[in-house]
Amino acid sequence: MALETSIKEYRARYNMSQSDLAGLVNVRRETIGNLENGKYNPSLKLAMDIARIFETTVEELFTFTDDE
């Protein structure tokens with residue numbers, strides 16, 4: 001299974017850079033980039049913090065897909 005995220009789309013809607021979001025959730029900009037590129041799976045706390053920033057649900061931001 002692969003984790004896909006719509007963080008980049010939400011950042012665009014909110015006119016927010018990776019650095020802006022990283023500062024709001026207390027992680028490095030690289031962490032946000034890795035999340036967006038599917039190279040990092042967030043902790044539940046980080047996923048919830050990001051969802052809270054964008055006033056949405058974790059399920060709306062992150063989905064698992066079969067990578068077959």
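Asn-26 is found in the loop between α2 and α3. Helices here are DSSP runs of H or I with at least four residues, strands are runs of E with at least two, and both are numbered from the N terminus. Phi of Asn-26 is near 60°, a positive value in a residue other than glycine. The residue is exposed, with a relative accessible area of 68%. Buried means under 20% relative accessible area, exposed means over 50%, and partly exposed lies in between (1.4 Å probe, protein chains only).

The model is predicted: local features need pLDDT of at least 70, side-chain atom pairs count only at pLDDT 80 or more, and totals for chains, interfaces and linings use all residues. Residues are numbered from 1 along each chain as its sequence is written, and side-chain values use heavy atoms, with hydrogens and water left out.

**Other positive phi values**

- Asn-15 also has a positive phi, near 50°, in a residue other than glycine.
- Asn-15 has its place in the loop between α1 and α2.
- With a relative accessible area of 70%, Asn-15 is exposed.

**Aromatic pairs**

- Two aromatic pairs are present in the structure. Rings of Phe, Tyr and Trp (its six-membered ring) pair if their centres lie within 6.5 Å; planes under 30 degrees apart count as stacked, over 60 as edge-to-face and the rest as tilted.
- The Tyr-10 and Phe-54 rings have centres 5.5 Å apart and planes at 40°, so this pair is tilted.
- Tyr-10 lies in helix α1 (residues 7–13) and Phe-54 in the loop between α4 (44–53) and α5 (58–61), so the pair ties together parts that are 44 residues apart in sequence.
- Both Tyr-10 and Phe-54 are buried.
- Tyr-14 and Phe-54 make an edge-to-face pair, 5.1 Å centre to centre with 65° between the planes.
- Tyr-14 lies in the loop between α1 and α2 (18–25) and Phe-54 in the loop between α4 and α5, so this pair ties together parts that are 40 residues apart in sequence.
- Tyr-14 counts as partly exposed, at 34% relative accessibility.
- Phe-54 is buried, with a relative accessible area of 1%.
- Tyr-10, Tyr-14 and Phe-54 form one aromatic cluster.

**Arginines of the α1 region**

- The charged end of Arg-13 sits over the ring of Tyr-10, 4.3 Å from its centre. The criterion is NZ of Lys or CZ of Arg within 6 Å of the ring centre and within 35 degrees of the ring normal.
- Arg-11 lies in helix α1 and counts as buried, at 11% relative accessibility.
- Arg-11 touches Met-16, Ser-17, Gln-18, Leu-21, Ile-32, Glu-36 and Phe-54, not counting residues up to four places away in sequence. Contact means heavy atoms within 4.5 Å.

**Packing of α2 on α3**

- The axes of α2 and helix α3 (residues 29–36) come within 8 Å and cross at roughly 110°. Axes are lines fitted to C-alpha atoms, for helices over the stretch in contact, and angles run from 0 to 180 degrees between N-to-C directions.
- The two helices α2 and α3 are therefore roughly perpendicular to each other. Angles under 35 degrees count as roughly parallel, over 145 as roughly antiparallel, 65 to 115 as roughly perpendicular and the rest as oblique.
- The crossing of α2 and α3 is right-handed. A crossing is right-handed if the near helix is turned clockwise from the far one by less than a right angle, and left-handed if anticlockwise.
- On the α2 side, Gln-18, Ser-19, Leu-21, Ala-22 and Val-25 make the contact; on the α3 side, Arg-29, Ile-32, Gly-33 and Glu-36 do.
- Thr-31, Ile-32, Gly-33, Leu-35 and Glu-36 are the buried residues of α3.
- Their cover includes β1 (2–5), α1, α2, α4 and β2 (62–65).

**Packing of α2 on α4**

- α2 and α4 pack at an angle of about 115°, with their axes 10 Å apart.
- α2 passes α4 in a right-handed crossing.
- Leu-21, Leu-24 and Val-25 of α2 meet Leu-46, Asp-49, Ile-50 and Ile-53 of α4.

**Ala-51**

- Ala-51 has its place in helix α4 and counts as buried, at 3% relative accessibility.
- Ala-51 touches Thr-56, Thr-57, Val-58 and Leu-61, not counting residues up to four places away in sequence.
- Ala-51 and Asp-20 are 31 residues apart in sequence and 15 Å apart in space, C-alpha to C-alpha.
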